[in-house]
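User: Could you walk me through this model? I would like to ask about it piece by piece.

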Amino acid sequence: MNILMITTSYPRTPTDGSAPFIAAIAEGVAKLVHNVHVVLPHHALLKEKARNGVSLHPYRVPGDD
């Protein structure tokens, strides 16, 4: 199953404390062999396109550096 999650907050690095529960939900669903895509705000610290089976899709808004 393809699953899309849209969020305003997501851990920017694996050790970031910002909204770890969102990452836990996404990764838990991915472990059930689903394709999980998360749309989240762009951040310079977010370098990965995927993490722990979750595809990350950052978006930019006016004013982003």
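Analyst: What follows goes through the sheet, the helix, the core and a few single residues.

User: Before we start, what am I looking at, and what do the values rest on?

Analyst: This is a predicted model, in which local features need pLDDT of at least 70 and side-chain atom pairs count only at pLDDT 80 or more, while totals for chains, interfaces and linings use all residues. Residues are numbered from 1 along each chain as its sequence is written, and side-chain values use heavy atoms, with hydrogens and water left out.

User: OK, the sheet. In what order do the strands run?

Analyst: The 4 strands form an open sheet in the order β1-β2-β4-β3, with mixed pairing. Strands here are DSSP runs of E with at least two residues, helices are runs of H or I with at least four, and both are numbered from the N terminus; two strands pair if DSSP finds at least two bridges between them.

User: And which ones are the edge strands?

Analyst: Those are β1 and β3, each of which pairs on one side only.

User: Do β2 and β4 pair in the parallel or the antiparallel sense?

Analyst: β2 and β4 are parallel, over 6 bridges, and within that region L40 has P58 in β4 as its bridge partner. By contrast, β3 and β4 pair in the antiparallel sense over 2 bridges, where R51 stands opposite V54 in β4.

User: What about the turn in the hairpin of β3 and β4, how many residues sit between the strands?

Analyst: There are 2 residues between the strands of that hairpin, and N52 takes a positive phi near 50° there.

User: Switching to α1. Which of its residues are buried?

Analyst: The buried residues of α1 are I22, A23, A26, E27 and A30, where buried means under 20% relative accessible area, exposed means over 50%, and partly exposed is in between, using a 1.4 Å probe and protein chains only.

User: Where do they fall when seen down the axis?

Analyst: They fall within an arc of 120°, so they line one face of the helix; the arc is that of the directions from the helix axis to the C-beta atoms. The face turned away from this buried side carries the exposed residues F21 and K31.

User: What does the buried side pack against?

Analyst: The buried residues of α1 pack against β1 (2-6), β2, β3 (50-51) and β4, with contact meaning heavy atoms within 4.5 Å.

User: What span should α1 have?

Analyst: At 1.5 Å a residue, its 12 residues should span 16 Å, and the end C-alpha atoms are 16 Å apart, which agrees; the expected span is 1.5 Å times one less than the number of residues.

User: How many residues are in the largest nonpolar core?

Analyst: That core has 13 residues, and those with the most contacts inside it are Y10, A26, V36, V38, V54 and L56. A nonpolar core is a set of buried Ala, Val, Leu, Ile, Met, Phe, Trp, Tyr and Cys residues joined through side-chain atoms within 4.5 Å. The elements giving two or more residues to this core are α1 (20-31), β2 (35-41) and β4, and α1 gives the most, with 4 residues.

User: What does L56 touch?

Analyst: Not counting residues up to four places away in sequence, L56 touches Y10, V38, L40, L46, E48, K49, A50 and R51.

User: Last one: what joins the side chains of R60 and H42?

Analyst: A polar contact of 3.2 Å joins them, and their C-alpha atoms are 5.4 Å apart although the residues are 18 apart in sequence. A polar contact is a pair of N or O atoms within 3.5 Å; within protein, one must be able to donate a hydrogen and the other to accept it, and residues adjacent in sequence count only if both atoms are side-chain atoms. R60 lies in the segment after β4 (54-59) and is exposed, with a relative accessible area of 52%.
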